[in-house]
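Please look over the sequence and the model, then read the notes below them.

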Amino acid sequence: GEYDEVDIILPFINNAKQIEVIKKGYKDNDGNVLVPSLEQAIDQVKKGKTKARIAAMIETPSAAIYADEIAGEIEGPVIIDTDNLTMTVWASVDRDVSRPTGFRDAYLDLKLWQKDIFKFAPPEVIGLVIEAVQKVKAKKPGRKVFLIVNNVRDQELLQAAQYSGVDSVIFKYDAANPQMMQLATIAAAQAAVTTVVADRAQVGV
C-alpha cells in the first residue's frame, strides 16, 4: 500500500556531519559510491504521492550534545531513546548486567546505581534528555521531539520530559506494539492513580 507521509529514521547518529554525508552520499577518488545519496532516494519517493522526511534518533551522549545541529539537518522529528542512551552512557546492556554473573545487584548494593537504570533512567541520562530537548527547541521551535521510555512509572524522567518540552512519549514495554501518548494524558492518569491510592489508604483498604 501507499503512505501519504513517511519518516526515514536515522539511528545512532552522533553529529550533524554524519547526516550531511548520508544525505549527499559519498564517492571515493575513483568514483565508486561508498554511501548512496539519501536525498536522491527521497526525490524518487516524492515523485509519487508520498511525502518523505528525514528523522533522527538521539541514542548517544554526543548526539544529545549536538542535538541542535542534528535538528538543523533534518525535516522530521527528533526521537530520543532513553534505553539506548542509558546503554551508551554506562556502556552496559540490560541482558548482560541482569545475568547471574552480572553486576546489577552489586552496583545497587554499593549505591553506584540508586535504582535499576534499565527501569528508571539515571541522572546522567535525564540530564542529557533535558539538554537535547532544549537545544532542539531553541534551534527549531516547532520541531517535534518524541521520547522513548520503558517504564510508565519513571516519574523523574516523565517530569523532565514535561519540563523540557517533549511533545509525546512512546512506551515500548511491548516492543511489538509501542504506544505513543501525550504527556498531558500521562499526567492525568498518574494523578488519578495517586488519588485512588490515597483514598484507599485513608479508608484502610
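F12 lies in the loop that joins β1 (5–10) to α1 (16–24). Helices here are DSSP runs of H or I with at least four residues, strands are runs of E with at least two, and both are numbered from the N terminus. The model is a predicted one, in which local features need pLDDT of at least 70 and side-chain atom pairs count only at pLDDT 80 or more, while totals for chains, interfaces and linings use all residues. Residue numbers start from 1 along each chain as its sequence is written, and side-chain values use heavy atoms, with hydrogens and water left out.

**The chain as a whole**

- The chain has 10 helices and 8 strands.
- It has 205 residues, of which 36% count as buried; buried means under 20% relative accessible area, exposed means over 50%, and partly exposed is in between, with a 1.4 Å probe and protein chains only.
- Among contacts with a separation of 6 or more, 57% are made by residues 24 or more positions apart; a contact means heavy atoms within 4.5 Å.

- F12 has a positive phi, near 45 degrees, and is a residue other than glycine.
- With a relative accessible area of 43%, F12 is partly exposed.
- N84 is located in helix α5, and its relative accessible area of 13% makes it buried.
- The C-alpha atoms of N84 and F12 are 9.0 Å apart, although 72 residues separate the two in sequence.
- Leaving aside residues up to four places away in sequence, N84 touches F12 and E59.
- A91 also is not a glycine and has a positive phi, of about 50 degrees.
- A91 sits in the loop between α5 and α6 (94–97), and it is exposed at a relative accessible area of 73%.

**Helix α8 against helix α9**

- Two packed helices are described by the angle between their axes and the distance between the axes.
- Helix α8 (residues 123–139) packs with helix α9 (residues 155–164) at an angle of about 15 degrees, and the axes are 9 Å apart.
- The axes are lines fitted to C-alpha atoms, for helices over the stretch in contact, and the angles run from 0 to 180 degrees between N-to-C directions.
- α8 and α9 are therefore roughly parallel; that class takes angles under 35 degrees, while over 145 counts as roughly antiparallel, 65 to 115 as roughly perpendicular and the rest as oblique.
- From α8, the contact takes in I126, V129, I130, V133 and Q134, and from α9 it takes in E156, L157, A160, Y163 and S164.
- This contact of α8 with α9 has 7 nonpolar, 2 polar and 1 charged residues; Ala, Val, Leu, Ile, Met, Phe, Trp, Tyr, Cys and Pro count as nonpolar, Asp, Glu, Lys and Arg as charged, and the others, Gly among them, as polar.

**Helix α5 against helix α8**

- The axes of α5 and α8 cross at roughly 120 degrees and come within 10 Å.
- These two helices are therefore oblique to each other, and α5 passes α8 in a right-handed crossing.
- On α5 the contact uses T82, L85, T86, V89 and W90, and on α8 it uses E124, V125, L128 and V129.
- By class, the contact of α5 with α8 has 6 nonpolar, 2 polar and 1 charged residues.

**Aromatic pairs**

- There are 6 aromatic pairs in the structure; rings of Phe, Tyr and Trp (its six-membered ring) pair if their centres lie within 6.5 Å, and planes under 30 degrees apart count as stacked, over 60 as edge-to-face and the rest as tilted.
- The pair of W90 and W113 is edge-to-face, because the ring centres are 5.7 Å apart and the planes are at 90 degrees.
- This pair links distant parts of the chain, with W90 in helix α5 (residues 82–90) and W113, 23 residues apart from it, in the loop between α7 (104–109) and α8.
- W90 is partly exposed at 24% relative accessibility, whereas W113 is buried at a relative accessible area of 2%.
- F103 and Y107 make a tilted pair, 4.6 Å centre to centre with 40 degrees between the planes.
- F103 is partly exposed at 31%, and Y107 is partly exposed at 24% relative accessibility.
- A cluster linked by ring pairs takes in W90, F103, Y107, W113 and F118.

Notes: Left-handed = near helix turned anticlockwise from the far one by under 90°.
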